[in-house]
Structure formats: structure tokens, C-alpha cells
Amino acid sequence: MTVLVAERPGAGEPRPFRFPAFSRHAVAGGTVLACHLERRPIVSLSLVSRSGAAAEPSGAEGVANLTAQLLGQGAGGLDAHAFAVAGERLGASWFAAVGWDATQLGFDVPSAAVPAAAELLHHALASPTLDAEELGRLRDERLDDLMADAARPRTRALRELAAALWRSGSRYSLPQAGHAAGVSAVDIEAVRQWHDTRLLPGCAALVIAGDLTGLDIEAVGATVFSGWSGGAGEAAGTTSEPVQGGRRVVVVHRPGAVQSALAVGHSGPARGGEDEVALTTMQMALGGTFSSRLNYTLREKKGYTYGASAQYDLRRDAGIFVAQSEVKTEVTAPALTDAFAEITGMHDGGIRADELDDVRRQRIERYPLAFASPRGVAGALSEIVVYDLPDDYYDRQRERIAAVTKEEVDAAGRRHLRLDDLVTVVVGDADVVAEGLGDLGLGPVEVRADE
Amino acid sequence: MTVTGMSAPTYEISDTRLANGLRVVINEDHAVPVVAVNIWYDVGSRHEEPGRTGLAHLFEHLMFEGSANVGKGEHLKFLQAVGASLNATTWCDRTNYYETVPSHHLELALWLEADRMGGLADSLSQETLDNQRAVVQNERRQSYDNQPYGGWTEQLQELAFPEGHPYQHSTIGSMDDLEAASLDDVKEFYRRHYAPNNAVLTLVGDVDTSAALALVEKYFGGIPACPDLVGAPDGTAPASIGREIRRTIPDQVPLPAVFIGYRCPPFGTPDFDVISVLSVVLGGGRGSRLYHDLVLSQQLVRPSEEFVGAFDFVGGASLLIADLHCAEGVSPEKAEAAYDAVVAALIDGAVAPEEMERAHALLTSEVLGHLSGLDGRADAFSQHATLFGDPALVNTRLDRLLAVTAADVVRVARSVMTKDNRVVLTYTPDDAAADGAAEGVEVSA
């Protein structure tokens, strides 16, 4: 006979946890943030710059990404292959990532090899080869990426949504990695210009997280920054202008598609608003967890999808709200009806007490998990660098999360869920789905061919 | 010590069994106040019966839908509310369930896992089954049928293994079989496979071993063993496919792609360790031979840091795979020919000491990185205990990889990467091909 314990157990005594202590160093004209994490032998070593895709000049969208990639394609007298091998023989894996607001370059590297990897990083930053032929290859690769991205239903839906939400041609209306015209136009001069004005010690910091036992952090910083000169760099940021056109629906026609990729959203607030904690609390209850309203209704109650979610992408100067799902073609209209009902319900009725309690606890309790790994801590330190946050930001943030009230959350929902501005993108079979969409109150329906 | 000056730590483990057969592995690590809880059940899609493909994975979904003392939706709700990260995966050889929680919530995780190990049968309803069947069918649409190239793993498995072989069908299963799964099927599957004597429970992190063992006994001790467990079917297969099988798939894809699969020795054998090193030499990282020749020099394929890799099947045979996505304007024939030249150079030549050094260093970082995280380490202990009967093998895994020599790499490439032991799938762009209805054209050479 099976004997189970019927009673749900309570919690034990929690061990106190604070965001891991880190040190700041001013070395050779640069700044280093270093965090020791016990028994984490693969160290995250990266240069974080405050310029990302949002700051790219018009007509050269993609230059931030191409420059970041090109720095790893040969430096310090090594060609692309030799540079790759030099790192990998240390067990170091190179990464170069560009977001809207930042660029991050560096290695995941075994602790003992950090000094040698720092030398390679220095070469990539201070003496990159910037070879025009290599740039030509990277341009072709990125154009292939753009094609491949457009073929994926979810990515395609997000791309169409961005194009609908922002003034045509403005930076946020285009994919983060650029668009074909922009990428094709990036020449070696544009790369040099970006490198010389946007990737400089004065607008960047070196972030190191992992087991630092036996490492001389100031020496590592000196290796990266010495002899890498340049001014403070340009301040980041161009502003994209949102389109306020009311509700509408765009269907990208994919004959025979067995699912519709849905993206519903509007432009949103910038990072760092006073009600940001209230806003993200609301977002988690609406679509940020498995138990959230969107996922629970569309997946667990209706079986329309494998998953549904909602996020705010909070960038330096603006952002977007987007709810997403991929649903069986035949239920496209009812799924959209349910998604709109959940968004409207949160806007009008606000968060329930049990939801607020669960989200608050989840965010507070998550701290020791979120800030345990070198990558997790390096990511958090990078945000401090990129957004000029105070050093005690994460511990203070935890207090703000604990203190947020229903009134604040509901006010944030009413303010930042703009029901009349929701634009709907459907990537799917228009022959099956388009007809039913006109009667849902989602605005005029436009069907486009899939290019 | 290795070239990078790093050696893998030896993790101290407690390895015991409850009276009902539940194997319990515990590794204390108090660096952060977190514990990883990880259960492997020795059941996967290879255990499925004909006409019931996808059942193991569908069942995994039902494990989140409530049990004797846990209501629908509560499993995830309770764990998320304490900050846990959690999930489950089903693969050919296993189904694993895991949650990483702040250590003062260990008991909650144990209670939830025990309740679904011992108390699922009466909670299974037709309504829940129908709901999760629809969810899984949408998972299949999202990941396979409505995704460019989405069907390649399923098709490689179908062609690389003999008819009826346990690895010949995909873990996601066919739409028809998913449709056919009945409440009786899932109840019988649960009875046969979900029992303490068919599972390994691993705890890694901020726990006291003896106190944790007492808690495990408290929550799991009352679950009886299954007297008639059904083991894995025989997966013995000839070492080689014996011919080249080619299939061309016109489909809605942006660019052509070529997927090549070779039948190879299973995970857990010395030659599989060689395959791990061989994969890095040929196609791992940005300094590999394929990256050098096909991306940097000839610009024929889209860059990848993992052109080559192997499935970790343990039952009789596994699959070594190369994955080439053509650059725009490059034909699949040209990409395949250039790939063949790289393989031929390995088979006919040698591997330089610098190449071995690079592969060993990258594998060292990979293993150290994976094991230094609590969740990765817990999964590795469950994996080695379930598949090979010994969790302590985790501690020597890196040594085995580092013992692989250049001569081993050439020898195994020579025996495995032959044209009469491979399946070649070629995707070609075809806008007229409606998703899910693409007809393959198959040729045997």
C-alpha cells in the first residue's frame, strides 16, 4: 500500500543571502568590476560597452553587431583562425553580443587562463585587424541570418510587430541585428568609425565573475586597458518615435501553416521608471510565469498552444510590451479573443492578492539562484555598468519588490497596458484565419504576402 | 592537470538506497543557499510500444497536472512561488524531472516529487489527458511541423536505425499515436515505469546529508516498489548501416541544408569518448577544421560552433551527426562535397598535437563548467547512476576524455564516418511545399 505525506511542508529557516560582494578598480584608464564566486572555475571575462544597436546611425543599421563580430576575426597579428585557436587552446570560448543598449565582448575561460585570455581581449579591442575581406564575409553571414530569422514564425511575428509600432525607418522599427540594406551598406570605414567612437575605455568597463582565487585583478585590468587609448566616447542613444495608430491586425500569409504565430503589443516605457517594480510585477502575473493568466488560459485550460507569455522589453529610452503565443491554426481567433480578455482583465481588474503574493515571493526567493553562476552575476554587473546603477542596486531592488502594493501594481497596469493601442500580428495561413479576425474588435485587418 | 592548469574536482557523494529501491545520491555544497533536486526515471521513448510513440513524453506532461495531495496547476505554482527554476525532459533513454530551490524549501520539493511518484494514478482524468494531448500536439507543431528544418532529427532517426529499433522513432511521437493514447495507456505506463525502484533521486547543494536522507525516507519511504518493472528493449544493431541512404526534402526553408547521420558506438563506451573529442576536432568551436575550411576559407556554409555532435544513446548504438546550413547561393551538393573532403582528410591523415590540445581544453572547460553548477552536477549524477549504475563515474568523466589520443580519433573516424554508414538528408527551398506535407524523395545508394 502506498503511504504519502498529505500535508504540504512549510519552509525551513532561510540562510541570509545578499547580492555577491564585488570590487571596483580603476586601472590604466579603465574600470574593472570583479566578483569572486567560490568554486566556479569557468570565469566570465567581458568588456561591456554602453553602446548598442539603438545608437547606430541611420543607413548603417547592423554596424554595432558587425564591428563586435569583426573584432574576433583577427587581432594582434593573428588572423581569424589563429585568433580562434589561440583562445580555444586555453579552453576559452569567445562571445560577442550586441543588445539595444550595450555591447559585450569576451571569453568564458578557465580561471588559470584569465591572464592569457585578457591579452587576447586587449588585442581585439586595441589592435583589431579590421580586414575588409573578413567584413565582407561577416556581412554575407548576417544577411543569411536575417533570412533565416524571417523564416521562423515567432521571430517573423516580432519583426512585423516592431515595424508596425515604430515610425518607418526609425531604429526600433528594424531588427536589432540590422536589416539587409543597412548591413549591406556597412563598410570598413563605418566599422572603424563605430570602433573609434563607441568602443572606448571611457564608455565601457571590464566585468569579471567566477573563482578568482590566485588572480591579480588589477594586473588583468592593466592587460586589457594599457595602450588602448581613446576619449570618453559618444553618449549613446537615438530615439525612435512610436506610431499611435490605434488597434489593427497584420496577417502575414503562410499557406498551409499548421500554427499561427501571434504577437500582440504596443510601444512601452523606458527602463528605470518610478513604477518599474510595480510594472514588472503586473507583467509576471499576466504572462511571466507558467501559472500566469495567459499561459494558464491558453495552454492549461484550452490546449490551444505549447505556451503563451507577455513581456516588457525596457530599453534606455523606450520599450515595447508584447504578448506572444503560437497556436493551432484553427483556433487563431478564439486564442486572440482569450489573450485580449486576459490583457483587458488585468488592465481593468488588477492583480489578485494571491497572484501578488506569489510573484513577490518568487522574485525575492529567486535571488540566490539568479546570482549563483558567473554568467548570472556578470549579467547583473553589466546592467550596473550599462545603466549607471548604484552598487547596492540588487539588494535595494529586493526591498522594493517586497514592498510593492496592489494599488501600485494596478496603477502600473492601467498606465502601461494601453488597450486601444494594441497591434496584432498573425503569421499563419490567411486563407483559414483572416476571415474570422475582422469581427473580434481588434481593428482593421491587413493581409500581406510572405516575402 | 590539463593544459589549462585546471583539474576536475572529485565530488564527495553519498550513494544509498531506500528499502523500496529508490537510489539516493547526495553531494553537499554550501557555497550558496540553494539545492538542486533531480530525479531520473529509467524510461524514455525507447520503451514505447508500436502505435504508442510519444507516450513517454505525453506522460511527462501529466506529471505536472496534479496528484494525490496536489491540485491541478499547484505543482508549478508552489515551486515558482519559492523562486524555483524547474522543468522536465524526455529523451529516448530517460525522463528527468528537476527543480532548483532555495535550500530552506527542500522539503517542499521532496513532497511534490514523492506525491507524483506514488500518487498520480487516481488523479489522471480524461479531461487532463485531452488537455495535455492538445498541448503536446502544439509542441510538435511548434518545434517540428511549423519550424524550418524542424523534422530533421525525426527523419534521421527513422532512416539510421532498422525498422522497429527502439531509437527508430522520435520522442515527440506521431500525431496519430498521440491521438490514440488512452487513459488506460497512460495508467498502465505509470504502473510499469514510475516506481522508486526505477528511479534515482539526486540532491546537490546546501543540505546536510543525514538530515536530507531522513527527509527522503519520510516522503518516499511509503511508496512501494513495482514488482514487474519493464526494462528497455534490446537495441542491438549492426555497427554499420551498410549503405548510404539519401533523402531530399523540398520544403518551406529559406536556404538549403544537409544533415548527415552515422550510426556509431553508444554513449558509455570508450569509442563514444573518442567521438566526443573527434566532434570538437572536426566541428566544435571556431577553430575547428570545418569552421576553417567551410566558413573562413570557402564561405560555403553558415557558421556554427557545433557542426558535429553525437546523440547520447546508450542502448546498442547511437548517432553521430553533422549539420550544414548552406550560405546563400551555395548548392547543397557543393557544401556536401567540401564537407566530404574535410572528413577524408581526417581519415587519411592525422590529428596534430595542437588540435588535440584545443579539443582537450574546450572539453575541460565544458565539463568543469557543467559540473560546477548545482543543477548540471545533479543531472550528471542521476544520469550516470541511471544509465551506467554508478554516479561516481561523473568524477572520472574528464579523465576519460583527456585519455583519448590523436590515433584514437583517426581510428574511430575511419570506422564510423564512412559513406556506407550514413544517412544524408538534404533540404531544398520549395515555396509550394505546404508544411507538414513535404514529400521526401528517397534514394538508396
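Two residues count as in contact here if their C-beta atoms, placed from the backbone, lie within 7 Å. This is a predicted model. In it, 66 residues of chain A are in contact with 73 residues of chain B. Chain B is divided into domain 1 (14-220) and domain 2 (243-444).

**Where chain A touches chain B**
- Helix H4 (132-151) of chain A is one of the elements that supply at least two residues to this side.
- H4(A) gives the most, with 8 residues.
- Other contributors from chain A include helix H2 (80-88), strand E6 (93-98), strand E11 (305-314), strand E12 (319-328) and helix H12 (353-365).
- The chain A side divides into 32 nonpolar, 13 polar and 21 charged residues.

**The two domains of chain B**
- The centres of domain 1 and domain 2 of chain B, taken over C-alpha atoms, are separated by 28 Å.
- In chain B, 33 residues of domain 1 are in contact with 31 residues of domain 2.
- On the domain 1 side, strands E2 (23-28), E3 (34-41), E5 (94-102) and E6 (199-205) of chain B each give two or more residues, as does helix H5 (152-160) of chain B.
- That domain 1 side has 17 nonpolar, 8 polar and 8 charged residues.

**A helix pair in chain B**
- Helix H1 (residues 55-62) and helix H7 (residues 183-193) of chain B have axes that come within 10 Å and cross at roughly 85 degrees.
- Angles of 65 to 115 degrees count as roughly perpendicular, so H1(B) and H7(B) are roughly perpendicular to each other.
- H1(B) makes the contact through B:Leu55, B:Phe59 and B:Leu62.
- H7(B) brings B:Asp185, B:Val186, B:Phe189 and B:Tyr190.
- By class, this contact has 6 nonpolar, no polar and 1 charged residues.

Key
Residues numbered from 1 in each chain as written. Chains lettered and ligands numbered in written order. Predicted model: local features only at pLDDT ≥ 70, side-chain atom pairs only at ≥ 80, totals over all residues. Helix = DSSP H or I, 4+ residues; strand = E, 2+ residues; numbered from the N terminus. Nonpolar A, V, L, I, M, F, W, Y, C, P; charged D, E, K, R; others polar. Domains from an automatic or database assignment. Axes fitted to C-alpha atoms, helices over the stretch in contact; angles between N-to-C directions. Parallel < 35°, antiparallel > 145°, perpendicular 65-115°, else oblique.
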